[in-house]
Amino acid sequence: MNDENPTLPSHSRREFIKQSGLALVTLSLPYPILKISKDNNMKNNKNFDVIIVGGSYSGLAAAMALGRALKKVLIIDGGKPCNAQTPHSHNFLTQDGKTPLEIATLAKQQVENYDTITFFEGLANSGKKTNTGFEVQVTSGKIFWAKKLIFATGIKDEMPNIEGFSDCWGISMLHCPYCHGYEVRNEKTGILGNGEHGYELIKLISNWTNDLTLYTNGPSSLTIEQTEMLKKHQIKIVEKEIQKLEHQKGYIQNIIFRDGTKAAVKAMYSRNSFEQHCSIPEALGCELNDEGYIKVNPSQETTIDGIYACGDNVTRLRSVANSVAMGTAAGMMASKKMILEQF
Ligand SMILES: Cc1cc2nc3c(=O)[nH]c(=O)nc-3n(C[C@H](O)[C@H](O)[C@H](O)COP(=O)(O)OP(=O)(O)OC[C@H]3O[C@@H](n4cnc5c(N)ncnc54)[C@H](O)[C@@H]3O)c2cc1C
């Protein structure tokens with residue numbers, strides 16, 4: 001939990017007198033306005049309207065929508081967003097080229113300005129349904145309660161067993177051309193992939209560069225038609241097994257093959273397999289789809305009543321902008337549901 005926000009302005013004497021007067025008027029007003037001042041004491045409470053597990057882009061966006069709707073929100077965050085290693089984040093309006101940390105820090109500062117929102121640094125390790133909602137336990141053993149849960153927990157990319165791969169991930173081993181393709185346009189580029197996935201990826205990346213090679217890391221499983229098509233587009237296929245990536249601080253210089261030969265590239269793309277970053281939604285009964293994402297409806301509701309999910313854990317349209325949009329939607333929809341239930 002955090003101390004009171006030091007960025008809140010201190011008041012001049014005149015403002016103080018004005019606000020004291022306002023407070024007296026407020027005392028004579030009915031419940032709704034009093035409720036705001038009552039909520040100022042919520043920071044030590046363990047009961048919340050909503051607990052958001054995951055406090056990166058999507059979770060913070062959900063919190064802002066809920067906090068502004070006067071809902072008591074607890075964010076529990078383990079501080080491990082998937083893009084941490086990438087030097088610059090792109091394709092998010094107003095923040096293009098900033099580091100992931102800069103974007104997250106500004107977002108957190110803005111969210112923490114709301115006294116309806118509490119931030120807890122740590123890991124949620126279990127969740128349980130209760131008569132009134134849900135309880136969430138964190139690794140220290142502390143338990144928090146809420147009427148609704150939002151999971152904004154992201155996904156964990158699995159790294160293939162190639163030396164140097166994880167060092168280059170997000171720097172020159174790229175997951176998405178919309179995030180990083182412009183910066184390596186027209187460069188000598190490799191695709192690490194095979195079969196249908198490799199073929200689909202190389203077709204997409206051909207938009208950003210003509211200097212393309214498909215590295216299948218073993219025998220190609222492309223169809224004859226796919227192989228012909230790549231030949232027609234002057235795209236080479238290399239089937240040698242990869243031993244490691246030679247790099248300088250994550251910037252790939254050479255692919256080193258098991259036969260001792262090497263190939264120079266400036267950037268590579270890879271579509272890794274992944275797993276859900278957090279297993280609590282599944283443990284609570286939320287269904288996953290065939291691709292391994294949490295199933296949600298257009299209101300970001302999972303298949304379990306009262307549980308929402310947003311961000312990378314529900315979609316392959318993986319971007320900061322999209323995660324923020326889904327988080328905002330989850331926050332608005334969860335708060336609207338509570339408002340209508342309580343009316
Ligand atoms: C290498 C890389 C580079 C990228 N570059 C770009 C880019 O340039 N532009 C762009 O738009 N997008 C980019 N993306 C995509 C973007 O980073 C994601 O779409 C975005 O981070 C998803 O946000 P999220 O909030 O859903 O999940 P994440 O940002 O992954 O955050 C999930 C949070 O949940 C927390 N968490 C998980 N489980 C628990 C738990 N049990 N208890 C507590 N906390 C938990 C994690 O610690 C983490 O803080 C990139 C992705 C990668 C992998």
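Domain bounds in this briefing come from an automatic or database domain assignment. Domain 1 (40-157 + 274-342) and domain 2 (165-270) both give residues to the shell around the ligand, so the ligand lies between them. The structure is a predicted model, in which local features need pLDDT of at least 70 and side-chain atom pairs count only at pLDDT 80 or more, while totals for chains, interfaces and linings use all residues. Residues are numbered from 1 along each chain as its sequence is written.

**Overall composition**

- The chain contains ten helices and 17 strands; helices (H or I, at least four residues) and strands (E, at least two) are DSSP runs, numbered from the N terminus.
- Of the 343 residues, 37% count as buried. A residue is buried if 20 or more other C-beta atoms lie within 10 Å of its own, exposed if 12 or fewer, and partly exposed in between, with C-beta atoms placed from the backbone.
- Two residues are in contact if their C-beta atoms, placed from the backbone, lie within 7 Å. Among contacts between residues at least 6 apart in sequence, 60% join residues at least 24 apart.

**Surroundings of the ligand**

- The ligand is surrounded by 39 residues, of which the closest are Gly54, Ser56, Gly154, Gly170 and Gly311. A residue is near a molecule if its C-beta atom, placed from the backbone, lies within 6 Å of it.
- At least two residues of this shell come from each of α3, β2 (73-77), α6 (177-180) and α10.
- By residue class, the shell divides into 14 nonpolar, 20 polar and five charged residues. Here Ala, Val, Leu, Ile, Met, Phe, Trp, Tyr, Cys and Pro count as nonpolar, Asp, Glu, Lys and Arg as charged, and the others, Gly among them, as polar.

**Helix α4**

- Helix α4 (residues 100-112) has 13 residues and reaches 18 Å from its first C-alpha to its last, close to the 18 Å expected at 1.5 Å a residue. The expected span is 1.5 Å times one less than the number of residues.
- Pro100, Ile103, Ala104, Ala107, Val111 and Glu112 are the buried residues of α4. They cover an arc of only 155° around the axis, which puts them on the same side of α4; the arc is that of the directions from the helix axis to the C-beta atoms.
- An α-helix has 3.6 residues a turn, so residues three or four places apart point the same way.
- The buried residues of α4 pack against α3 (57-68), β3 (117-121) and α10 (320-342).
- Exposed residues Leu101, Thr105, Gln109 and Gln110 are carried on the face of α4 turned away from its buried side.
- Glu112, found in α4, counts as buried because it has 20 C-beta neighbours inside 10 Å. Glu112 and Ala63 are 49 residues apart in sequence, yet their C-alpha atoms are 9.5 Å apart in space.

**Helix α7**

- In helix α7 (residues 195-205), the buried residues are Gly198, Tyr199, Ile202 and Ile205. Seen down the axis of α7, these residues fall within an arc of 135°, so they line one face of the helix.
- The packing partners of the buried residues of α7 are α6, β9 (189-192), β10 (212-215), α8 (224-232) and β15 (267-270).

- Trp169 is found in the loop between α5 (165-168) and β8 (173-174), and is buried, with 20 other C-beta atoms within 10 Å.
- Leaving aside neighbours within four places in sequence, Trp169 is in contact with Gln85 and Met159. Trp169 and Tyr269 are 100 residues apart in sequence and 9.4 Å apart in space, C-alpha to C-alpha.
- His247 has its place in strand β12 and is partly exposed, with 18 other C-beta atoms within 10 Å.
- Beyond its neighbours within four places in sequence, His247 is in contact with Gly164, Asp167, Cys168, Ser172, Ile252 and Gln253.

**Positive phi outside glycine**

- Lys249 is not a glycine, but has a positive phi of about 50°. Lys249 is in the loop between β12 (242-248) and β13 (251-257), and is exposed, with 9 other C-beta atoms within 10 Å.
- Gln300, also a residue other than glycine, has a positive phi near 70°. Gln300 is in the loop between α9 (280-283) and β17 (307-309), and is buried, with 27 other C-beta atoms within 10 Å.
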